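Welcome! Please take a look at it first.

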Amino acid sequence: MESEPVRRRIIEWEDPRDTARVSPDATGLEHLQAMIDGEVPPPPMASLMGMNLIAVTEGSATFTCTPDEFHYNTVGTVHGGLVCTLLDSAAGCAAQSVMPAGHLYTSIELKVSYLRPLRHDSGEVTCVGTVLKSGRRVVFTEATVTDASGALIATATSSLLVIPTS
């Protein structure tokens with residue numbers, strides 16, 4: 001059996017310290033909006049996975065990604081890790097969007113439900129994260145991934161710890 005030529009992919013990213021470097025007076029929403037506006041570079045993980053933060057409002061964050069062959073697993077579908085990363089990112093950024101200045105967050109729990117397989121010909125997927133409840137110490141969020149036809153691919157719920165930086 002004759003094999004096809006090896007495929008290659010070049011990934012470029014900016015210094016991750018530039019992504020995290022933001023005014024101490026900026027809220028989470030302002031930081032994320034600066035990223036969308038190109039004032040702050042996206043995190044390297046977004047470049048690696050091919051994800052784009054395209055919209056943010058208080059309590060909501062939306063990512064897009066176009067799955068490709070390099071996202072495939074051993075059974076010929078998009079690896080669940082891509083879907084999980086999208087869900088975690090949208091849920092986390094939704095939480096970040098309600099953070100006051102001087103506060104960070106980190107995921108403490110993520111529950112994912114996969115509903116159908118995803119393939120590279122499924123077209124651009126959209127992942128929306130939404131805050132369900134924002135507390136002083138924990139933020140509860142949910143997120144969904146839909147394919148280009150609007151079919152629901154996966155859902156998640158997440159709990160995120162609020163961390164004061166000062």
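The largest nonpolar core has 28 residues, and Met-51, Phe-63, Leu-86, Leu-87, Cys-127 and Val-145 have the most contacts inside it. A nonpolar core is a set of buried Ala, Val, Leu, Ile, Met, Phe, Trp, Tyr and Cys residues joined through side-chain atoms within 4.5 Å; buried means under 20% relative accessible area, exposed over 50%, and partly exposed in between (1.4 Å probe, protein chains only). Helix H4 (80-96) gives the most to this core, with seven residues.

This is a predicted model, where local features need pLDDT of at least 70 and side-chain atom pairs count only at pLDDT 80 or more, while totals for chains, interfaces and linings use all residues. Residues are numbered from 1 along each chain as its sequence is written, and side-chain values use heavy atoms, leaving out hydrogens and water.

| Element | Residues |
|---|---|
| helix H2 | 28-36 |
| helix H3 | 44-49 |
| strand S4 | 125-134 |
| strand S5 | 138-146 |

A second, separate core of seven residues includes Ala-95, Met-99, Leu-160 and Val-162.

In H2, Gly-28, His-31, Leu-32, Ala-34 and Met-35 are buried. Seen down the axis of H2, these residues fall within an arc of 155° (taken from the directions from the helix axis to the C-beta atoms), so they line one face of the helix. After H2 comes Gly-38, with a positive phi near 85°.

Technical notes. Helix = DSSP H or I, 4+ residues; strand = E, 2+ residues; numbered from the N terminus.
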